[in-house]
Amino acid sequence: MNPDHHVILRVVAKLLIPLIVIYAFYVHFHGEYSPGGGFQAGVIFAVAVILYGLIFGITSALKLVPAVFARGLAAVGVLLYAGVGVWALFGGGQYLEYNALFQEPEGGHAAQHTGIILIELGVLFGVAGSMLTIFYAFAGRAAEIDDEDW
Amino acid sequence: MMIIERGDLWEAIIGLALLLILLVLGIAVARLRSLFAIVMLSGLYSLVSAVWFVAADAVDVAFTEAAVGAGISTALMLGAMLLTARTAKPEKTFARVAPFLVVLITGAVLTYATIDLPAFGDPFSPANTGVGAEYLDRHYPEMGFPNVVTSILASYRGFDTLGEVLVVFTAGLSVALLLGFGERSLAAMMNRERGDSHEP
């Protein structure tokens, strides 16, 4: 393919992709104060990689985020979420009862916050990894996008 | 006669306009044959419905709709579209009329069901008096941060969210198992790009 072919698309995408990734993390870590959370952040993060793949070619996207990494990320996310539940069990509480994660003085919110941040990270990993796996499964079977399809 | 406030009137007009756009988009998607245009218009449909959710004060839902419906679904549909033909075949008359009848009947039933629904934003509706009011009262002293949606999703209803993540994970796993992990064909493609002639 002619390297200068989609020069506007490439330049704009190069500008946008870092912003999209930062926005994903903003959505994630600001989820307790504004709309959004792990799920939306995971989707936005996956979209950044998918946009990269659509514009720079799927092989470059696979070099950036290998398919094995995407699959592993999804599994690690689910395990992290479920693991927080087990941690609460060891703390003497019920499954996913964040107050039992560790002892804290009366009226403290640290255990709740820790639990929520960890499970939201699990959601982020799980969703981003799954979405990328789905994208790779589709995109891995197709050739590059033909020019007349843009 | 009931007095309608000016703000309420504008809200109703905006809502109606957005729903009208959705209707037009829906008809356009149903009538178009070019798959690329259909994918783009369904992304637009999600975006407009996200705007409508914002107008209805459901920002979290709107955000999810914009990210999932307009963002990733469009990208995934594009990826899926590349695997098939670019235009849909014209359907036979029966295949066109039967779904239309199903949609009409379902719509009529749903419209009939709305008669029983409480008014929009009714403070005495079951959703706003029972467990909803309980969450609103308790979440700040118990959680210590302002977004009640996050505290419900992540803490009070942590089991449900775990289920959701498992659903997404299972979806990714199933697609990967059905379509293959995509690596073998990709490796072949990469080899071809590098000019490697000895493929297994």
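Predicted model: local features only at pLDDT ≥ 70, side-chain atom pairs only at ≥ 80, totals over all residues.
Residues are numbered from 1 along each chain as its sequence is written, while chains are lettered from A and ligands numbered from 1 in the order in which they are written.

**Chain A as a whole**

- Chain A has five helices and zero strands, where helices (H or I, at least four residues) and strands (E, at least two) are DSSP runs numbered from the N terminus.
- The C-alpha trace of chain A spans about 65 × 30 × 20 Å along its principal axes.
- Chain A is more spread out than a compact globule, because its radius of gyration is 19 Å, well over the 15 Å that the globule rule gives for 150 residues. That radius is taken over C-alpha atoms, and the rule is 2.2 Å times the number of residues to the power 0.38.
- Of the 150 residues in chain A, 43% are buried, meaning that 20 or more other C-beta atoms, placed from the backbone, lie within 10 Å of the residue's own.

**Helix α2 of chain A**

- With 16 of its 19 residues buried, α2(A) is largely enclosed by the rest of the structure.

**Where chains A and B meet**

- The contact (C-beta atoms, placed from the backbone, within 7 Å) takes 50 residues from chain A and 46 residues from chain B.
- On the side of chain B that touches chain A, α8(B) gives the most, with 13 residues.
- That side of chain B divides into 30 nonpolar, 13 polar and three charged residues. Ala, Val, Leu, Ile, Met, Phe, Trp, Tyr, Cys and Pro count as nonpolar, Asp, Glu, Lys and Arg as charged, and the others, Gly among them, as polar.

**A helix pair in chain B**

- The axes of α2(B) (residues 35-55) and α3(B) come within 7 Å and cross at roughly 175°. Axes are lines fitted to C-alpha atoms, for helices over the stretch in contact, with angles from 0 to 180 degrees between N-to-C directions.
- These two helices, α2(B) and α3(B), are therefore roughly antiparallel, a label for angles over 145 degrees.
- Their contact has 15 nonpolar, six polar and one charged residues.

Conventions
Buried ≥ 20, exposed ≤ 12 C-beta atoms within 10 Å, placed from the backbone. Contact = placed C-beta atoms within 7 Å. Parallel < 35°, antiparallel > 145°, perpendicular 65-115°, else oblique.
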